[in-house]
Amino acid sequence: PGKITDTSNADACSSCPAGKHATTEGSSTCSTCPAGTFSQAGAGGCTACDAGRTTFAEGSDSCESCPAGKTSGISNVTNTTVCVDCVAGRMSQAGAAECSLCEAGRFQSDSGKSSCDACATGEYAPSEGSSSCLRCDSGKYQGGTGQFECLACDLGKFINVSGSDSCSSCPAGTYAPTEGS
């Protein structure tokens, strides 16, 4: 395997060039490796690229890193390794073996991205892999960005709208008897 019969000299065999292969003894032609696989000169078959890498053309002798925002996956059409977008709530750097979940407090609403965004003040993302942030409920606030929880207003303070970044003091002559009012 990996060599073909030399048509000018039936007693000699030639190695298939890189990006091609011959899988059976006595082959007279080399087959081209499909996209997503590669081979070195004299190979008896094509090798799939490692996770996070692929070839973008058939007949390749090496693999390339998938770009940022993508990782490798198997094509349902060709059954070869291709680069696919990270889904919303995930991100990747170039050559990543898999897409990473956005951390709690961060989100990514689009697919194919290389980073996650911090939730704004008045919002939070309670778990990893969020594709959006939630607004703090009435009675709770968040004054920082990139947070995973909202805080209850202290005694004597209140918020009567959602998505707030601070609490207001009760007016003179009134009070808030419980936290989170």
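**Stop one: a buried histidine**

Select histidine 21, which counts as buried because its relative accessibility is 11%; buried means under 20% relative accessible area, exposed over 50%, and partly exposed in between, with a 1.4 Å probe and protein chains only. This is a predicted model, in which local features need pLDDT of at least 70 and side-chain atom pairs count only at pLDDT 80 or more, while totals for chains, interfaces and linings use all residues. Residues are numbered from 1 along each chain as its sequence is written, and side-chain values use heavy atoms, with hydrogens and water left out.

Histidine 21 belongs to strand 3, residues 20–21. Strands (E, at least two residues) and helices (H or I, at least four) are DSSP runs, numbered from the N terminus. Now show what surrounds histidine 21: leaving aside neighbours within four places in sequence, its contacts include Cys16, Cys30, Cys33 and Cys46. Contact means heavy atoms within 4.5 Å.

**Stop two: a glycine in a loop**

Move to glycine 52, in the loop between strand 6 (47–48) and strand 7 (53–54). Glycine 52 has a relative accessible area of 0%, so it is buried. Beyond its neighbours within four places in sequence, glycine 52 touches Glu64, Ser65, Cys66, Thr71, Ser72, Gly95, Ala96 and Ala97.

**Stop three: a hairpin**

Select residues 70–74 (strand 9) and 81–85 (strand 10), which run antiparallel and are joined by 5 bridges. Two strands pair if DSSP finds at least two bridges between them. Isoleucine 74 stands opposite threonine 81 in strand 10. Strands 9 and 10 form a hairpin with 6 residues between them, and asparagine 79 in the turn has a positive phi of about 60°.

**Stop four: the disulfides**

How many disulfides are there? The count comes to 9, where a disulfide is a pair of cysteine sulfur atoms within 2.5 Å.

Select cysteine 86 and cysteine 99, a disulfide with its sulfur atoms 2.0 Å apart. The torsion about their S-S bond is about -85°, so this disulfide is left-handed. Cysteine 86 sits in the loop between strand 10 and strand 11 (90–91), and cysteine 99, 13 residues away, in the loop between strand 11 and strand 12 (100–101). Cysteine 86 is buried at 1% relative accessibility, and cysteine 99 is buried at 10%.

Next, select cysteine 136 and cysteine 150, whose sulfur atoms are 1.9 Å apart in a disulfide. Its torsion is about -80°, so it is left-handed. Both cysteine 136 and cysteine 150 are buried.

Then select cysteine 153 and cysteine 167, a disulfide with sulfur atoms 2.1 Å apart. The torsion here is about -90°, so the bond is left-handed. Cysteine 153 is in the loop between strand 18 and strand 19 (157–158) and cysteine 167 in the loop between strand 19 and strand 20 (168–169), so the pair ties together parts 14 residues apart in sequence.

Cysteine 13 counts as exposed because its relative accessibility is 52%. Finish at cysteine 170, which is in no disulfide; the nearest cysteine sulfur, that of cysteine 153, is 9.0 Å away.
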